[in-house]
Amino acid sequence: MADMTYYVALPFGVAAGEATECFSVNAAVMRAEALSRKPGHAGAVAFSRTGDPSSGDFTDATLIRKFGDDVPDDLSAL
């Protein structure tokens with residue numbers, strides 16, 4: 001199977017919230033911005049990952065945009 005790129009919005013509060021898969025870069029950025037404004041969220045990030053879903057091999061997450069001060073810069077754990 002060919003590599004696929006997934007775009008994701010992920011909110012942060014005390015800990016990371018539930019990730020939301022998005023259809024495009026713009027959708028991930030817009031969703032992350034909206035999530036960052038919800039009560040209880042300290043911020044959110046939009047990121048992408050590319051890989052082969054059939055083998056489970058993916059590159060490290062690539063930060064697209066960060067909203068808020070209390071979100072990690074290092075996405076290697078995602």
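Reader: Which residues does Ala46 touch, not counting residues up to four places away in sequence?

Author: A contact means heavy atoms within 4.5 Å. In this predicted model, Ala46 touches Val8, Ala9, Ala28, Val29, Ala32, Thr62, Leu63, Ile64 and Arg65. Residues are numbered from 1 along each chain as its sequence is written. Local features need pLDDT of at least 70, side-chain atom pairs count only at pLDDT 80 or more, totals for chains, interfaces and linings use all residues, and side-chain values use heavy atoms, with hydrogens and water left out.

Reader: Which residues make up the largest nonpolar core?

Author: In soluble globular proteins, nonpolar side chains tend to be buried together. A nonpolar core is a set of buried Ala, Val, Leu, Ile, Met, Phe, Trp, Tyr and Cys residues joined through side-chain atoms within 4.5 Å; buried means under 20% relative accessible area, with a 1.4 Å probe and protein chains only. Here the largest has 9 residues: Ala9, Cys22, Ala28, Val29, Ala32, Leu35, Ala44, Ala46 and Phe67. A second, separate core of 7 residues includes Leu10, Val45, Phe47 and Val71.

Reader: How many helices and strands does the protein chain have?

Author: Both are DSSP runs numbered from the N terminus: helices are H or I, at least four residues, and strands are E, at least two. The protein chain has 1 helix and 5 strands, in the order β-β-α-β-β-β along the sequence.

Reader: What share of the protein chain counts as buried?

Author: Of its 78 residues, 29% do.

Notes. Buried means under 20% relative accessible area, exposed over 50%, partly exposed in between (1.4 Å probe, protein chains only).
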